[in-house]
Amino acid sequence: MFSLTKVTLLYSSVTFVTGQASTNLALRKPTAESSFYGVNSSGAVDGNNDPGWGSMSCFQAKASDSGPWWQVDLLGYYAITTVVATARTGGCCDTRLHDFYVEVFDFNPIQFPSQQARLCLFHEGVVLAGAPVTLPCTTVFTGRYVKLRRKFKGPGDDRFTICELEVYGPDSCITSSSYRRTPNKKMASSNIITPLLGATVERCALLCTEDYDCYNFNFNRQSNVNPCEIIHDGSTVADNGDWDHYSLLM
């Protein structure tokens, strides 16, 4: 049993999940990659952790890709606690999964490249090839997208290769929230919470949904610094060209 929190805005709908998963959250979920050779990014979440290239199940980036990355869309928002990586075997290739960041995002970093990555962990050195290796997050973050990004490319034919990548974290009761957007308006209030983060409007909506006393929020489209205002006890709504006002539909 897992819980869903759905936040609907004027132009988008996203599903947020929190709460106790013993299953692999990444299994057969949508993936993307910076490049691929032979097997694309989906090979790393097909449920086959055979570390041999002959299995045709190991994702591999192109040799020319100097900044390779791989990501998975969990199709829900989870608290990410652990990833399990399986590296490729073979004399040529058993050191190719090395020195990488595991990052968590609320929204697709391909579509929203300016959002701040949250670091689950940095793995220094080589992942031992042949068997699944458990890598606990040093910090637990909630997000929908998990991205592996290699720090550097080694000498020679050092292709970024992942035979299987599993993601684990708690899953949890269905709540749905919809917001009406009023452009170029801002609600005044003597009780405003300003989250100290470079929030997207979707993230701001999620924060409001998780706040029992929030029924409105303002979002500044022109600012990258603290653009989100969570409102308690709102009053009047006035014209303001830089802001949009969002109100919860009851």
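Counted along the chain, the bonded cysteines of the protein chain pair in the pattern 1-6, 2-3, 4-5, 7-10, 8-9. A disulfide here is a pair of cysteine sulfur atoms within 2.5 Å. Searching the whole structure turns up five of them. This is a predicted model, where local features need pLDDT of at least 70, side-chain atom pairs count only at pLDDT 80 or more, and totals for chains, interfaces and linings use all residues. Residues are numbered from 1 along each chain as its sequence is written, and side-chain values use heavy atoms, with hydrogens and water left out.

Start with C120 and C137. Their sulfur atoms lie 1.9 Å apart in a disulfide. The torsion about the S-S bond is about -80°, so this disulfide is left-handed. The pair links distant parts of the chain, 17 residues apart: C120 sits in strand 7 (residues 118-126) and C137 in strand 8 (residues 133-150). Strands are DSSP runs of E, at least two residues, and helices are runs of H or I, at least four, both numbered from the N terminus. Both C120 and C137 are buried. Buried means under 20% relative accessible area, exposed over 50%, and partly exposed in between, with a 1.4 Å probe and protein chains only.

Next comes C204, joined to C228 with S to S at 2.0 Å. This link is right-handed, with 75° about the S-S bond. C204 is buried at 0% relative accessible area. C228 is buried too, at 0%.

C208 bonds to C214, again with S to S at 2.0 Å. The link of C208 and C214 is left-handed, at -95° about the S-S bond. C208 has 0% relative accessibility, so it counts as buried. C214 is buried at 4%.
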